[in-house]
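Subject: Structure handover

Hello,

Here is the structure you asked for. Please open it first, then read the notes below it.

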Amino acid sequence: MTTNMRGLFDGGADFDISSTVSWHALVTHQQHVYSLHLRELFVMEPDRGRELTVQAGDLRIDFSKNLITGETIELLAALAREAGVEEKRDAMFAGAHVNTSEDRAVLHTALRLPRDAELVVDGQDVVADVHAVLDAMGDFTDRVRSGEWTGHTGKAITDVVNIGIGGSDLGPVMAYEALRHYRHPGLTGHFVSNSDPADLVAVLAGLDAETTLFVVSSKTFTTLETITNATAAKAWLLAELGVGEGDPAVEKHFVAVSTNADEVAAFGIDTDNMFGFWNWVGGRYSIDSAIGLSLMIAIGRERFGEFLAGFHAVDEHFRTAPLEANGPALLALIGLWYSNFWDAQSQAVMPYSNDMERFPAYLQQLTMESNGKSVTAGGQHVTTPTGSVYWGEPGTNGQHAFFQLLHQGTWLIPADFIGFANPVDDRLTADGRSFHDILMANFFAQTEVLAFGKTADDIADEGVPPTLVPHKVMPGNRPSTSILAPQLTPSVLGQLIALYEHQTFVKGMVWGINPFDQWGVELGKQQANALMGVIGDDAVPAPLPDSSTDAMVRWYREQRGRKA
Ligand SMILES: O=P(O)(O)OC[C@H]1O[C@H](O)[C@H](O)[C@@H](O)[C@@H]1O
């Protein structure tokens, strides 16, 4: 396989997905589906619930409550084929440089290959490299968990603080919360990300420096927030331990996860205590790399292995299943159906699992940083809307907050519901009734009501006064996808993440954009750096170039007790 993928990924300067035969067919087909209600579709296709359900690993994905027919799936699959999704998928798995703007391979799938797999990319045995790091992480994890690794004063570690932001925070904290029941009882994890000092202050307030381990996680090791927090944490540690800068105590309390050994050393962390990864792992695709170290310490190396095996199961499904029965591909294509043919702008994700509270936030970075692009990989302006706004809250909480808008509002907002057959912990009951049954009864009820609603006739038949009937009509025909799994285990969490990673990829490939760069984040960082020297220093001459920022900075200086 050639590593120069410009041809395939640029699609040729003239290629425009919205000019393809399949796209035009979908435009026409949408008018047909628009004329049908989900109530009618379920009558016309009585076995629809089973026919439109796909199994991907342990994930049972029911697409039947979407505004689709069998023909929609055929047309969407044809669109994906016209866009070269299968070739692009194969190229990604093989290690081609599919991230064209940065000329990099995209190999998060290699992070979960089993030890006996083979993959050589750019002359490098990727599987051997991945497992060497996993082994080092595992050995370190074992030592921390057993108490063999001690702090400077010889005490075992009780608290692990991950310092990172973006992909170096969202994945670790989300998975740590989601896998709460698998954690080591004697170790507590903490996550510090924000450049608001309140974040670090609140975490340090409860900690004993002698038993605290900091994991500084940063792909680049230059991210301002992370380096600021890590520097402050180091100063706190040195002060608490009563030792000076450069004291070897730091080695016992700071480890690093990064691709940048030079910066790690410059920060003062022994590179023997650094766990590496590679530039072919994007930040938002990195929870299964060494960035997962704090998670591995929490759940242990075996459970972390199960987590990786879960990703791999869905990778294999995605790599081999035909598009028409491919969970990630269908999730993507049906999402794209709403974005591009129904004018939907957002996508809700509702995990019916309190432990998955951070999953929507995690998906925001994964999907929006990946597909929030308006030029194609070839540099042309896109001709269609791209990435959706992802958002959500755990059920049932969301039901009592914003579901009203989903049920009766004017926007079409497709929703993914995620739920489990078994709770991880069912010790508590409410008068003998399972909490979990209450939770899942709500899940099923919501997807049913969204799809089928309640008609004015049905409401009138119940004796509701005519003036109230319009207010009580539930229009239905609101799409949802139900993703179910037996239980929220490390493997299932890995499967869910891989499902969304690959759906993000498929959407990006159909749109012809590059889901693996994030140039849009850079300018804000540069601007913040430039303003940092200005806002706190009266000597820097005003005015600033725009009147809004200028006035705000003057106000800020005044409020901070300085003269503008
Ligand atoms: O891991 P780091 O290099 O510190 O990067 C942390 C995060 O910051 C950047 O601004 C990117 O937008 C993210 O993709 C990345 O995950």
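A residue is buried if 20 or more other C-beta atoms lie within 10 Å of its own, exposed if 12 or fewer, and partly exposed in between, with C-beta atoms placed from the backbone. Thr-100 is buried, because 21 other C-beta atoms lie within 10 Å.

This is a predicted model: local features need pLDDT of at least 70, side-chain atom pairs count only at pLDDT 80 or more, and totals for chains, interfaces and linings use all residues. Numbering starts from 1 along each chain as its sequence is written.

A few terms come next. Helices (H or I, at least four residues) and strands (E, at least two) are DSSP runs, numbered from the N terminus. Two strands pair if DSSP finds at least two bridges between them. Two residues are in contact if their C-beta atoms, placed from the backbone, lie within 7 Å. Axes are lines fitted to C-alpha atoms, for helices over the stretch in contact, and angles run from 0 to 180 degrees between N-to-C directions.

**The parallel sheet**

Start with the open sheet of five strands. Their order is S6-S5-S7-S8-S9, and the pairing is parallel. Strand S6 (188-192) and strand S9 (274-276) are the edges, and each pairs on one side only. From one strand to the next, the twist averages 20 degrees. Strand S5 (residues 159-163) runs parallel to S6, and five bridges join them. Asn-162 has Phe-191 in S6 as its bridge partner. Helix H10 (residues 224-241) packs on this sheet. H10 touches S5, S6, strand S7 (212-217) and strand S8 (254-258), and its direction makes about 145 degrees with that of S5.

Now look at helix H8 (residues 170-178). Eight of its nine residues are buried, so H8 is largely enclosed by the rest of the structure. Among the buried ones are Leu-170, Pro-172, Met-174 and Tyr-176. What covers them? The cover of the buried residues of H8 includes S5, S6, S7, helix H13 (293-299), helix H16 (359-371) and helix H21 (490-511).

**The mixed sheet**

Another open sheet has six strands. The order is S1-S2-S15-S12-S10-S11, and the pairing is mixed. Its edge strands are strand S1 (53-56) and strand S11 (389-391), each pairing on one side only. Direction ignored, neighbouring strands of this sheet are turned by 20 degrees against each other on average.

Strand S2 (residues 59-62) and strand S15 (residues 480-487) run antiparallel, joined by three bridges. There, Asp-62 stands opposite Ser-482 in S15. S10 and S11 pair in the parallel sense over three bridges. Gln-347 has Tyr-390 in S11 as its bridge partner. Strand S10 (residues 346-351) is mostly covered, with five of its six residues buried.

The axes of helix H5 (residues 70-82) and helix H15 (residues 327-341) come within 10 Å and cross at roughly 100 degrees. That makes H5 roughly perpendicular to H15. (Angles under 35 degrees count as roughly parallel, over 145 as roughly antiparallel, 65 to 115 as roughly perpendicular and the rest as oblique.) H5 brings Thr-72, Leu-76 and Ala-80 to the contact, and H15 brings Ala-329, Leu-333 and Trp-337. Five residues of this contact are nonpolar, one is polar and none is charged. (Ala, Val, Leu, Ile, Met, Phe, Trp, Tyr, Cys and Pro count as nonpolar, Asp, Glu, Lys and Arg as charged, and the others, Gly among them, as polar.)

Which loop holds Thr-100? Thr-100 lies between H6 and strand S3 (120-121). Asp-103 is found in the loop between H6 and S3 too. Asp-103 is exposed, with 12 other C-beta atoms within 10 Å.

Most residues other than glycine have a negative phi, and most peptide bonds are trans. Here are some exceptions. Phi of Asp-103 is positive, near 50 degrees. Asp-122 also has a positive phi, of about 50 degrees. Asp-122 lies in the loop between S3 and strand S4 (124-125), and is exposed, with 11 other C-beta atoms within 10 Å. The peptide bond from Gly-395 to Thr-396 is cis, with omega near 10 degrees. Thr-396 sits in the loop between S11 and helix H17 (403-408).

Best wishes
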